[in-house]
Amino acid sequence: MSTPALPTRLPAVGTTVFTQMSQLALEHGAVNLGQGFPDFGCDPKLLDLVNEAMRAGHNQYAPMTGIPDLRTAIAAKLERLYGRRYDEAGEITVTNGASQAIQSAILCSVHPGDEVIVIEPAYDCYLPAIALAGGVAVPVAMRVGSAGYSVPWDLLAAAVTPRTRMIVVNSPHNPTGSILRAADLEALAAIVAGTEILVLSDEVYEHMVYDGEEHASVSRDPRLAERAFVVSSFGKTYHVTGWKVGYVAAPASLMREFRKVHQYNVFSVNTPMQHGIAAYMEDPAPYLELPGFYQHKRDLFRAGLAGSRFELLPSDGTYFQCVRYDAISSLPEAEFARWLTVEAKVAAIPVSAFYSRPTESGIVRFCFAKKDETLMKALETLSRL
């Protein structure tokens, strides 16, 4: 007997570049500024609250939609920050991280043959989810210049067809560190006006916007919010990426369809973590202070590279810094990232990995969600290249 052949559902998918570069960094003892996770712990108070929840017996299945206290806290935060009141009973669902929220939003919305516009470079979970739904991804490349990355709304509008079902936006943007502003929301609203196009807004870095800018959440604009799935993640906000707890907010009619997929995808999410996070959210200071916390790290990292041969692109949000390296090397991005990891002992991610088609810009991405001493160690090498 032999194992039957299994035709792949995702022929273009292999091991992610994040896994590859993290493994390479481990093998060569490199400082890992590649994969986007902190090397520091979360607030001990949050750990205490989760521990208290476990000892209080909150260890069985949570409600499919998420525990009521957490959904209430999410609704209150969204209203406080963005001015839209989501009904915690029918318009908010707690998810197994943002990736599951994104996949479930796409699976419940996109039917075979539907087109989904994706702005590239794009986080790598969008395209597989579209493929699994039987949809067709329509990539629109961002413009990039000395002022950084921007969305070409004219090209995006031209990509809309009668088959367009959804537009995926991401702000603050991974991997580029760019952000959407009010004018961008206006442009997006104009494109979808009078259509049945849905919006999927990936806002997992919502609390990492710098230099006094406001996060332009799709929730702020009623024209967009009424047709949008808005996704965020506690893992990014509270430095606990391994907990995989996120949420999606959407109008009730969209949420009903989302929950049909969610209940058979993961059904429910880690119970004691939900109780701990709900209690922790009673104090808004941890997320309100997050921009200052990460802006310090961004500024430290940028200052360390200011006199180097890397060209710094703007980093208005997220915890990522993109740099041009053409003054250092003519290698393609993937090869340069490998050389940087093996020879210079600092891991980065090639931005080319975030495109569906071969695209070389001579840019790599560093993650500065690290201890100051980790960043200083990496800068000792990077500043000399």
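Predicted model: local features only at pLDDT ≥ 70, side-chain atom pairs only at ≥ 80, totals over all residues.

Analyst: Residues are numbered from 1 along each chain as its sequence is written, and side-chain values use heavy atoms, with hydrogens and water left out.

User: Fine. In what order do the seven strands of the open sheet come?

Analyst: The order is β2-β10-β9-β8-β7-β3-β4, with mixed pairing. Strands here are DSSP runs of E with at least two residues, helices are runs of H or I with at least four, and both are numbered from the N terminus. Two strands pair if DSSP finds at least two bridges between them.

User: What holds paired strands together in general?

Analyst: Strands of a sheet pair through backbone hydrogen bonds, either parallel or antiparallel.

User: And which strands stand at the edges?

Analyst: β2 and β4 (136-141) do; each has a single partner strand, so one side of each has no neighbour in the sheet. Neighbouring strands of this sheet are turned by 20° against each other on average, direction ignored. Axes are lines fitted to C-alpha atoms, for helices over the stretch in contact, and angles run from 0 to 180 degrees between N-to-C directions.

User: How many bridges are there between β2 and β10?

Analyst: Four, and β2 pairs with β10 (residues 246-249) in the antiparallel sense. Thr-95 has Gly-246 of β10 as its bridge partner. β9 (residues 228-233) is also joined to β10 by four bridges and runs antiparallel to it. There, Ser-233 stands opposite Gly-246.

User: Are the residues on the faces of β2 buried or exposed?

Analyst: Ile-92 and Val-94 on one side of β2 (residues 92-95), and Thr-93 and Thr-95 on the other, are all buried. Buried means under 20% relative accessible area, exposed over 50%, and partly exposed in between, using a 1.4 Å probe and protein chains only.

User: Which strands does helix α10 touch?

Analyst: α10 (residues 252-265) packs on the sheet and touches β2, β8, β9 and β10, with its direction at about 25° to that of β2. Contact means heavy atoms within 4.5 Å.

User: How does α4 sit against α10?

Analyst: α4 (residues 97-109) packs against α10 at an angle of about 125°, their axes 8 Å apart. The two helices are therefore oblique to each other. Angles under 35 degrees count as roughly parallel, over 145 as roughly antiparallel, 65 to 115 as roughly perpendicular and the rest as oblique.

User: Which residues meet there?

Analyst: Among them are Gln-100, Ala-101 and Cys-108 in α4, and Phe-258 and Val-261 in α10.

User: New topic. What angle do α13 and α15 make?

Analyst: α13 (residues 290-305) and α15 (residues 372-382) pack at about 15°, with their axes 9 Å apart. They are therefore roughly parallel. The contact includes Leu-300 and Phe-301 of α13 and Leu-375 and Met-376 of α15.

User: Last one: where is Ala-225?

Analyst: Ala-225 is in helix α8 (residues 222-225). Ala-225 is buried, with a relative accessible area of 0%. Leaving aside neighbours within four places in sequence, Ala-225 is in contact with Arg-84, Tyr-86, Val-218, Ser-219 and Pro-251.
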